[in-house]
Amino acid sequence: MGALSVLAFHQGTIHLLYNYGNNVEALTAIIGRVQGPGWDMGRAMANPPVAGLHIPQFFSAMFWGGVWGIFIAAVIRWTPLPDLFTATLIGAVGCTLVAVTLVAQLRGVPMYAGGNTQTLLRAGLINAAFGFGTGFLLRPLALRRMKAPPPARRAARPPPLRRQA
């Protein structure tokens with residue numbers, strides 16, 4: 001479900017921010033301008049492939065979305081918090097922190113987006129949409145533990161009748 005969420009929610013949010021959000025001054029003052037339109041397969045295939053793997057970045061994002069989807073499904077299964085809230089929080093905080101720390105180190109770019117708060121907020125918003133989408137797409141699978149139904153109540157028996165002598 002995470003791979004589908006990358007297609008629908010992650011790229012959809014980028015598309016909306018690029019085509020409509022860049023025109024709203026109040027929004028661009030907070031999260032900055034989005035650089036590329038989502039769902040642009042020509043651009044996705046033209047992007048330089050992931051170093052060492054020689055696959056387009058778009059497919060890499062779908063793969064890692066699937067990995068995050070498995071993690072989100074497991075956390076939703078074992079926590080008592082609401083599923084959409086949990087998934088959105090994992091997307092906004094977890095995915096973004098991994099992207100700006102671990103992935104940034106592997107790519108050789110400055111950690112925490114070089115301290116650019118607009119980039120951090122934009123990444124958090126896009127990843128929150130991914131997390132929400134993953135939680136939303138997992139809902140039909142109902143991975144939550146259900147409570148056992150209460151035991152059936154037996155009807156009380158009337159006391160036995162006694163013979164009078």
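Helices (H or I, at least four residues) and strands (E, at least two) are DSSP runs, numbered from the N terminus. From the N terminus on, the order of elements is α-α-α-α-α-α, with 6 helices and 0 strands in the chain.

The model is predicted: local features need pLDDT of at least 70, side-chain atom pairs count only at pLDDT 80 or more, and totals for chains, interfaces and linings use all residues. Residues are numbered from 1 along each chain as its sequence is written, and side-chain values use heavy atoms, with hydrogens and water left out.

The chain has 165 residues, of which 30% count as buried. Buried means under 20% relative accessible area, exposed over 50%, and partly exposed in between (1.4 Å probe, protein chains only). A contact means heavy atoms within 4.5 Å. Among contacts between residues at least 6 apart in sequence, 66% join residues at least 24 apart.

**Helix packing**

Two packed helices are described by the angle between their axes and the distance between the axes. Here the axes are lines fitted to C-alpha atoms over the stretch in contact, and angles run from 0 to 180 degrees between N-to-C directions. H1 packs against H4 at about 115°, and their axes are 7 Å apart. The table lists the two helices and their residues in the contact.

| Helix | Range | Residues in the contact |
|---|---|---|
| H1 | residues 2-19 | Gly2, Ala3, Val6, Leu7, Gln11 |
| H4 | residues 57-78 | Phe58, Ala61, Met62, Gly65, Gly66, Gly69 |

By class, this contact of H1 with H4 has 6 nonpolar, 5 polar and no charged residues. Ala, Val, Leu, Ile, Met, Phe, Trp, Tyr, Cys and Pro count as nonpolar, Asp, Glu, Lys and Arg as charged, and the others, Gly among them, as polar.

**Nonpolar cores**

A nonpolar core is a set of buried Ala, Val, Leu, Ile, Met, Phe, Trp, Tyr and Cys residues joined through side-chain atoms within 4.5 Å. The largest has 12 residues, including Val6, Phe58, Met62, Trp68, Ile90, Phe130 and Leu138. At least two residues of this core come from each of H4, H5 (83-107) and H6 (117-138), and H4 gives the most, with 6 residues. Leaving aside residues up to four places away in sequence, Ile90 touches Trp68, Phe71, Ile72, Val75 and Cys95. A second, separate core has 5 residues, among them Ile14, Leu17, Ile31 and Val34.

Asp83 lies in helix H5 and counts as buried because its relative accessibility is 14%.
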